[in-house]
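Please look through the structure below before reading on.

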Amino acid sequence: MKEHKQIKDWGLGLTGPTIIAGPCSAESPEQIEQICIEMKENNVIPSMFRAGIWKPRTRPGSFEGIGEEGLKWMEIVRHHLNIPITVEVGNAAHAEIALRNNVDVVWVGARTTVNPFAVQEIADALKGTDIPVMVKNPMNPDLDLWMGALERFHAVGLTKLAAIHRGFSDAYDKRYRNKPNWSMPMHLKRVWTGMEVINDPSHIVGKRDGILEISQKAMNFGLDGLMIETHHDPDNAWSDAKQQVTPARLKEILSAIDFKKPVESEQPSERLNDLRRAVDHLDDQLLDILQERFAVIDQIGSHKREHHLSVFQSDRWKDVMESRTQKGVAKNLSEKFMKELLYCIHEESVKRQEKQLREADSVKK
Ligand code: PEP
Ligand code: MN
């Protein structure tokens, strides 16, 4: 079990949900100041202020970030809003400069998370400090890469960790700039207990419309905060102009969201306890049935072995798949769920029977 410190224990006085807002890129001291003033005027003070100082651009020629100078402007944010500052670091030099300029929290971007060399270099540069690190999901939906980056920071002693879900690039699905693939952040939370995941609807949607919808979805699923790109003049922003919102719109979005509480934050009610007991009981029954099913599968395996039949029988598989899917759909289970469930059960059955064949063979040899 990898122990890590949750956001409330980062020593920054943060209590959930964590709202991170600020421009895609720091552009000028005037820009930073105007955003802060409008946040104050609209009474929308985020938990942390974000600003891109070094911008990983897909193609050269667009604005690549203002560099270290922009970090000096973060004093303006401290003066107006007195909230922690977070910036993206993409290599060891960025990390060292961020530390030198008292950045409170760093994050690793999607293009960096895919590169273990870069992640390790940043981890080594931050080693010996206790700066909190947030890791965005990699560009491609690979949970191990996401986990691996978090583990590299953990391994050098950085325990103040969180993840950011910014979606995954998909050449075919044009509904989003980056497809959300909600099962990935859920799965990260399953495999790393207590890991908080902040949703970044701006980079998922890629335009202003739809940010509220994705944010609400993230809160419904139980993600732990939001990172929303905010600019006083989005249309004229030097990067990601289409997706940034004004502080006034940020206020509207945050006011419209129905923030959900984790069940654990309250004493569970008797009703919820009863329902959970019912689920526990049904899961026990499900396991008994699976055990019985695989016992029969093993008998079929012995029969196939005795009669020199191969394990995978296409026609039978087709029948099983189609008939069970139909029955499942009639019981209000989705077709996708039925197919995934049947693939999973069938794969296990085939593996067990193949193992039986192999073991029988090795006895003969
Ligand atoms: C950003 O946050 O501005 C950014 C570059 O994000 P990502 O790494 O998610 O593309
Ligand atoms: Mn951006």
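**A covered strand and its surroundings**

Strand β8 is covered on both faces: Gly225, Met227 and Glu229 on one side, and Leu226 and Ile228 on the other, are all buried (under 20% relative accessible area, with exposed over 50% and partly exposed in between, for a 1.4 Å probe and protein chains only). Helices (H or I, at least four residues) and strands (E, at least two) are DSSP runs, numbered from the N terminus. The model is predicted, so local features need pLDDT of at least 70 and side-chain atom pairs pLDDT 80 or more, while totals for chains, interfaces and linings use all residues. Residues are numbered from 1 along each chain as written, chains are lettered from A and ligands numbered from 1 in the order written, and side-chain values use heavy atoms, without hydrogens and water.

β8 runs parallel to β1, joined by five bridges; two strands pair if DSSP finds at least two bridges between them. Ala21 stands opposite Ile228. Two bridges also join β8 to the parallel strand β7 (residues 197-199), where Ile198 partners Gly225.

The manganese ion (ligand 2) is coordinated by Cys24 (SG), His203 (NE2), Glu229 (OE) and Asp240 (OD), at 2.1 to 2.4 Å. Donors are N, O and S atoms within 2.8 Å of the metal (3.2 Å for Na, K and Ca); water is not among the atoms, so sites may look incomplete. Cys24 lies in the loop between β1 (18-22) and α1 (29-41), and Asp240 in the loop between β8 (225-229) and α11 (247-256), so the pair ties together parts 216 residues apart in sequence.

A nonpolar core is a set of buried Ala, Val, Leu, Ile, Met, Phe, Trp, Tyr and Cys residues joined through side-chain atoms within 4.5 Å. In the largest one, of 69 residues, Phe49 and Phe153 touch the most other members.
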